[in-house]
Amino acid sequence: PVISGNVIAGNTAESQGGGLYFDSTGGTATNNSLVGNDATGDGGGVYATPATTACELANNIIVEGSSGLCGPLSLNAHHNCVWGNAGYEYKTVAAGFGDVAADPVLADVTYGNFHLQPTSPCRDAGDTGAAAYAAEIDGEARLQGAGVDIGADETAGATWAPGPYAVIRVAETG
């Protein structure tokens with residue numbers, strides 16, 4: 001499977017993989033934002049079983065969960081932002097090439113605004129080649145600067161105001 005351009009937030013797993021769980025068949029996860037996911041076992045953000053083959057994790061934000069990324073040494077993980085996870089950032093796998101170990105500076109996680117702010121270290125820090133499957137959360141073009149951004153949002157540098165945000169519902173009849 002290919003999982004791309006999603007926000008996965010606030011999930012809890014009773015064992016491993018609160019945000020994403022890869023079994024032995026593997027898969028691809030690119031340009032996702034995994035925020036505040038928990039697991040009672042390993043990989044609150046992402047868990048890949050030791051037998052996982054052909055698995056790539058690139059351009060993902062994995063932050064503020066019970067733990068970060070747990071997987072086999074053979075896991076192809078690169079250009080991810082792994083930061084602020086309670087238990088650990090990486091377990092049984094090393095940080096990948098191009099990884100960012102800093103606050104991604106998301107607009108307002110409390111109110112569900114997962115857009116990157118202009119000061120984010122994730123701007124233009126992703127792997128453009130890994131963004132081939134990418135969809136951007138606002139439907140905007142994936143490349144808006146010198147390089148692709150890490151996470152589900154691709155920003156041209158807009159500043160997002162803090163919440164709370166008004167919710168407006170309009171009937172189909174107007």
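Where does G96 lie? In this predicted model, G96 sits in the loop between β14 (90-91) and β15 (106-108).

## Around G96

Let's stay with this glycine for a moment. G96 is buried, its relative accessible area being 14%. Leaving aside residues up to four places away in sequence, G96 touches A77 and H78. The C-alpha atoms of G96 and H78 are separated by 4.3 Å, although these residues are 18 apart along the chain.

## Parallel strands

A77 also takes us to the strands, as it is the bridge partner of L57 in β12. Strand β12 (residues 76-78) and β9 run parallel and are joined by three bridges.

On to strand β5 (residues 27-30): four bridges join it to strand β9 (residues 55-58), again in a parallel arrangement. Here G27 has C55 as its bridge partner in β9.

## Aromatic pairs

Two aromatic pairs are found in the structure. One of them, Y21 with Y47, is stacked, with 5.5 Å from centre to centre and 25 degrees between the planes. Y21 belongs to strand β4 (residues 20-22) and Y47 to strand β8 (residues 46-48), so this pair ties together parts 26 residues apart in sequence. Y21 is partly exposed at 43% relative accessible area, whereas Y47 counts as buried at 12%.

Y111 and Y165 make an edge-to-face pair, because their planes stand at 90 degrees, with ring centres 6.3 Å apart. Y111 lies in the loop between β15 and β16 (113-116) and Y165 in the segment after β16, so the pair ties together parts 54 residues apart in sequence. Y111 is partly exposed, with a relative accessible area of 43%, and Y165 is partly exposed too, at 35%.

Definitions and conventions
Residues are numbered from 1 along each chain as its sequence is written. This is a predicted model: local features need pLDDT of at least 70, side-chain atom pairs count only at pLDDT 80 or more; totals for chains, interfaces and linings use all residues. Side-chain values use heavy atoms; hydrogens and water are left out. Two strands pair if DSSP finds at least two bridges between them. Helices (H or I, at least four residues) and strands (E, at least two) are DSSP runs, numbered from the N terminus. Buried means under 20% relative accessible area, exposed over 50%, partly exposed in between (1.4 Å probe, protein chains only). Contact means heavy atoms within 4.5 Å. Rings of Phe, Tyr and Trp (its six-membered ring) pair if their centres lie within 6.5 Å; planes under 30 degrees apart count as stacked, over 60 as edge-to-face and the rest as tilted.
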